[in-house]
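Thanks for coming. I'll go through one model this morning, with the cut-offs stated as they come up. Have the structure open while I talk.

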Amino acid sequence: MMRLPPFEYLPCRTIADAVKYLSDHGSAAMLVAGGTDLFPNMKRRQFEPRVLVGLRGIRELVGVRGDRARGLTIGAGTTLTSVATHSDVVRDYPALATAAGLVSSPQLRNMGTIGGNVCVDTRCNYYNQSFAWRKAIGFCMKKDGDICLVAPGSSRCWAVSSSDTAPVLWSLGAEVRVVGPAGERTMPIQALYRDDGIEYLAKRADEIVTELVLPPADGWKSAYLKLRRRGSFDFPVLGVAIAARMDGDRVRDARIVFGAVASTPRESRDAAQLLVGERLTPDVIARVADRAAGPSKPLDNTDFTHPYRKKMTRVFVARALRKIAVLPESGATHEEIS
Ligand SMILES: Cc1cc2nc3c(=O)[nH]c(=O)nc-3n(C[C@H](O)[C@H](O)[C@H](O)COP(=O)(O)OP(=O)(O)OC[C@H]3O[C@@H](n4cnc5c(N)ncnc54)[C@H](O)[C@@H]3O)c2cc1C
Ligand code: SF4
C-alpha cells in the first residue's frame, strides 16, 4: 500500500489567506482543492510538497453565478458534480456539463473541483507509476531523472494534457481569473497553458485560479466526446470539444479544440474556418473532420496506440458535428457517448 509522506496542512478561509501562505512558503508549498489528483501523485512521490495550502474552506471560491444574458462565472472550488448538474450549465453549455460529468468516478467528482481540473497534472505512461516502478526504469526528466523515455533525443517532456474540461472551456471562449501577490488578472483560458509536459501552466506558481468566466451562450451550441478504454472511469486519451454559433441552420462561428493529444489543449482553427457560412451537411462534416485531424499529433505515451488515437480524432470530430447538427439552440443533453 502506498502512503502519503508527512506534510503540514494550512487550511484557508479566504483567498487572501491562500495567497499569503503560498508566498510565505514558496516552492515548498502546493495548493490542494479536492486532492483527487494531488494526493495520488504525492503517494507516488511525483509531488513532494512540505506544505499544503487547503482551498476547501474558502466559500468565495464555490458556486455558479450569472445568467443567460451575462454568461456564467464558476468558482474554481465548485465541484465537478455541481458543474455537471447545474441547470444553466446543462441548458446553455452542454459540452461543459458533459465533460465535467465524464471526469473520473462519481466519488471523485463529488470531491474534485473545476479549478483542480483545469490545473490537473499532465500524464504519461512512464510517469504515472509508483516510485519503485519509476526507479526501476531510471526515472525520466518530469521527475527525478534527466531524459525523456518516450523521445530519448528530445530536450523537452511530452506528457499529455489530460483535463476533460480544459478543451471545452477553450472552445466556449472562457476566461480564467487568477489572484496572486500582485493582485487579480483575467485571461483567455488558452493563455493558462504552455506546450510543455513539465511547465504546462503559464500562470505563476504563486497565483490561484479563482474563477472560470463563460461568455453568454447566445446562439452557441456545444458538444464534447471523450475516448477512453473504460466507459465507467478513465482519463481521456482523446477529447474533442466543438462549439458552433448558429445563424438558423448555418454556422456563423466555430471552435474545435482537442484534449489529450499534446501537452496543451490543441485548437484546429483551419477546420473550424471551413464550417463558417456552411450547413452541417454530411459532405461538410466529412471535409471538416478530415482537416481537423491535422493538429492532433498524439505520441506513444498514453493508452491505445497513437495511430489509432489520431484516426479516432477524425471519427470523433464527425460525430460531434452530427451531434451539434441535431441539438436545439440551447440544447440540454447530458449523455455519455464514449
Ligand atoms: C482514478 C482517477 C481517475 C481520474 N479521471 C480523470 C478524468 O477522467 N478526467 C480528468 O480530467 N481528471 C481525472 N482525474 C483527475 C482528478 O480527479 C480531476 O482532474 C479533478 O478535477 C482534480 O480536481 P481536484 O480539486 O481534486 O484537484 P487537486 O487534486 O486538489 O489539485 C490538482 C492540481 O491542481 C492544483 N490546483 C487545485 N486547485 C487550484 C486552484 N484553484 N488554483 C491553482 N491550482 C489549483 C493543485 O495544486 C494540483 O496541482 C482522475 C483522478 C483519479 C484518481
Ligand atoms: S514524456 Fe518523457 S519526460 Fe515526459 S513524463 Fe513521459 S517519459 Fe517522462
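Strands S9 (220-227), S10 (238-247) and S11 (250-259), together with helices H10 (269-275) and H11 (282-292), are among what covers the buried residues of H12. Helices here are DSSP runs of H or I with at least four residues, strands are runs of E with at least two, and both are numbered from the N terminus. Buried means under 20% relative accessible area, exposed over 50%, and partly exposed in between, with a 1.4 Å probe and protein chains only. The buried set in H12 is Arg309, Met312, Thr313, Phe316, Val317, Ala318, Ala320, Leu321, Lys323 and Ile324.

How far apart are the end C-alpha atoms of helix H12? They are 31 Å apart, which agrees with the 30 Å that its 21 residues, 306-326, should span at 1.5 Å a residue. The expected span is 1.5 Å times one less than the number of residues.

Before the ligand, the conventions. This is a predicted model, so local features need pLDDT of at least 70 and side-chain atom pairs count only at pLDDT 80 or more, while totals for chains, interfaces and linings use all residues. Residues are numbered from 1 along each chain as its sequence is written, chains are lettered from A and ligands numbered from 1 in the order written, and side-chain values use heavy atoms, leaving out hydrogens and water.

Now ligand 1. It is surrounded by 33 residues, the closest being Leu31, Thr36, Thr113, Asn117 and Asp164; a residue is near a molecule if one of its heavy atoms lies within 4 Å of it. By class, the shell has 17 nonpolar residues, 11 polar and 5 charged. Nonpolar covers Ala, Val, Leu, Ile, Met, Phe, Trp, Tyr, Cys and Pro; charged covers Asp, Glu, Lys and Arg; the others, Gly among them, are polar. Strand S2 (29-32), helix H7 (114-118) and strand S8 (208-214) each supply at least two residues of that shell.

Oxygen atoms of ligand 1 lie 2.8 Å from a polar backbone atom of glycine 34, 2.9 Å from one of aspartate 37, and 2.8 Å from a side-chain N or O atom of lysine 226. Taken alone, ligand 1 exposes 970 Å², and the protein buries 92% of that. Those areas come from the Shrake-Rupley method with a 1.4 Å probe; for residues, only the protein chains shown count as cover.

Next, the loop between H7 and H8, where threonine 122 is found. Is threonine 122 buried or exposed? Its relative accessibility is 1%, so it counts as buried. Its side chain makes a polar contact with that of lysine 142 at 3.0 Å, and also reaches the backbone oxygen of glycine 197 at 2.6 Å. A polar contact is a pair of N or O atoms within 3.5 Å; within protein, one must be able to donate a hydrogen and the other to accept it, and residues adjacent in sequence count only if both atoms are side-chain atoms.

Asparagine 128 lies in that loop too, between H7 and helix H8 (131-136). It is buried at 15%, and a polar atom of its side chain lies 2.9 Å from the backbone nitrogen of cysteine 124. Beyond four places in sequence, asparagine 128 is in contact (heavy atoms within 4.5 Å) with Asn41, Arg44, Gln46, Thr122 and Arg123.
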